[in-house]
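Good morning, everyone. Please have a look at the model on the screen, and then I will walk you through it.

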Amino acid sequence: MSSTKYILGVFDDPDEMMHGIDKLQKNSVPIYDVYTPMPIHGIEAKLNIKDSRLGYAAFMFGCLGGTIMFSMVYYMLVHDWPINIGGKNFFAIPDFIPVTFEWTVLWTSFGMTFTFFFASHLFPGRTPRVMDLRATDDKFVIAINAKGNIPHEDITNLLKEAGATEVKHNDRKYVSYE
Amino acid sequence: MKTHNNFDGQYEFVGKAKTWSLICIVIGLVAILGGFALGQAERTFANLLLMTYYFAAVCMCGIFFCAVQYAAQAGWSASMIRIPQAFGKVLPIAAVTLILVVIAGFSLTHTVTNEEGKQVVAPYLYKIWAAVGVTDPHSENYNAIIAGKAGYMNKVGFVIRLICFLGSYCIFGRLLAKYSEAEDDLGGMFYYKKSFNMSCLFLVIFGFTTPIYAFDTIMSLEAEWFSTMFGWYNFAAMWVSGLSVITLTLIRLKRIGYFEWVSEDHMHSLTKFIFGFSIFWTYVWFAQFLLIYYANMPEETVYFFKRWEPEFKPWFWINIVVNFLTPLLVLMSRDSKRIYRTVEIMCIILIVGHWLDYFMMIMPGTVGPTSSWLTEIGPIEIGVFVGFGGLFTFTAMTALTKFKSLVPKKHPFLQESLHHHI
């Protein structure tokens, strides 16, 4: 049994890569993932990628931030240490809105960022998980899980036919840990 | 996706839409005449001002939309830009009706009982600054605050400013539509570059004059009060309501078979605008409210005191719910921006909602509270609204039929718009 874990088809041209995806799908070869240096229109639909749920996380963080700040201001200015400001009620809701709004925005943005970092294993100081470093520069890479997808030569030929300039049989999933 | 579209089809304004818009105009006329006949002249005038202002706002929004698209070199909107162009072409009609209503409003007078219980002769509109003798120290109508503002706030200057502002917007609207039509014959980048330059010039002029226009037309109804946020507040209302009208028109026309190339991606882009600027409207509305609430100075809080009377308080809250909470909760998710039905209903809600917004700006300072909050909006309000809705539909759709094609066929970004995908 071969020690190949992942087969990478490296393309110079995004159109040829899209063509490669079509070919693989026509031959019922499941695609693990595709890496490109820039966003490509319509690729999510082609790969059947589900809509991101990041928005829901952002909404939840926003609600949380707003609630925390509103409760905090309430505790401080109404319950713990009421101050008479210009004869207003202690519980003067309009005054609370700006800071509640700011915290909602702050928590939404930070929460969304950290959720994204968490979900994509991306974090400052952490080695990024990259299957081919050139996919961040000028190459378009289709990754296929080698396990169960045999024979490997057929996949190689399919990729070559589609216009892959290079097909790699990697023994390791991520090259960036070296 | 269809790759070949037929752009030669011209829009024909016939059938039900035309009949109904004419019926609406008749309803409006009946409401206006009825209002005057039944002794509700001041209320009718206030409604006429409201609806001519709204009518002009939507048409101005059409020009502003075109100008923003050109100045940003945006491509996605190229295939539906004829609709805002048609709105812009109607602005002269809206401007003339607005100026006529304003001139009639401060020229015609009636006898009313003022806040101090005295019988005075006051004009129907702008009764605080346009009444006879307010700037004359020997008159019993003398108002020192208004006299101090008379150098700016006088009838001649007011009309001159209105004519200059609206006239310049009309010219820009006409030019942008003309360039786009000329582009259809000539092709190339010549007219696109011209449109770009004109749009930039228009945006500068519009940005500086539209707050003053709002101060003059609406804020001066309560001339002793002022707010520097008012101009942007009105701008936000104009932009949201105008976008809603553009989107609604587009959906309706698509439903009867025009604009078949417009997809849910275009809806998504338009609705993002509507959503974003509904939040902006709330931001400006609240900024104005919070500053006045916090400073708590009587000459400023009187504005909200009037809107806090039991006759207006429910409408005050409904205004916030309709124009802020509804778009916030309904239009936030991506999916709802892409469903024609949802967007259509939201547009109708926002069009009515911003009518209520203008209502809250105008009525408490002109007609004032009547009997109960429910009767504040009566047959005159609804009739005039329907009438101007019909007038707008009739004039704007007639303007749309004048275009040889519903698409600027040689717009440099047309292909980008036809393949708009987000």
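Let's start at one residue. Val386(B) sits in helix α13 of chain B, residues 379-401. Helices here are DSSP runs of H or I with at least four residues, strands are runs of E with at least two, and both are numbered from the N terminus.

Some ground rules. This is a predicted model, where local features need pLDDT of at least 70, side-chain atom pairs count only at pLDDT 80 or more, and totals for chains, interfaces and linings use all residues. Residues are numbered from 1 along each chain as its sequence is written, while chains are lettered from A and ligands numbered from 1 in the order in which they are written.

Back to Val386(B). It counts as partly exposed, because it has 19 C-beta neighbours inside 10 Å. The cut-offs: buried is 20 or more other C-beta atoms within 10 Å of a residue's own, exposed is 12 or fewer, partly exposed is in between, and C-beta atoms are placed from the backbone.

What does Val386(B) touch, leaving out residues up to four places away in sequence? Cys24(B), Ile27(B) and Gly28(B). Contact means that the C-beta atoms, placed from the backbone, lie within 7 Å. Now take Leu331(B), 55 residues from Val386(B) along the chain: their C-alpha atoms are 26 Å apart.

Next, the whole of chain B. It has 14 helices and two strands. Its radius of gyration is 22 Å, close to the 22 Å that the globule rule gives for 422 residues, so chain B is as compact as a globular protein of that length. That radius is taken over C-alpha atoms, and the rule is 2.2 Å times the number of residues to the power 0.38. Of its 422 residues, 45% count as buried.

Now chain A. Five helices and four strands. Along the sequence they run β-α-β-α-α-α-β-α-β. Chain A has a radius of gyration of 25 Å, well over the 16 Å that the rule gives for 178 residues, so it is more spread out than a compact globule. Its C-alpha trace spans about 80 × 35 × 30 Å along the principal axes. Buried residues make up 16% of its 178 residues.

Finally, where do the chains meet? Six residues of chain A are in contact with seven residues of chain B. On the chain A side, that is two nonpolar, three polar and one charged. Here Ala, Val, Leu, Ile, Met, Phe, Trp, Tyr, Cys and Pro are nonpolar, Asp, Glu, Lys and Arg are charged, and the others, Gly among them, are polar.

How values were computed: Contact = placed C-beta atoms within 7 Å.
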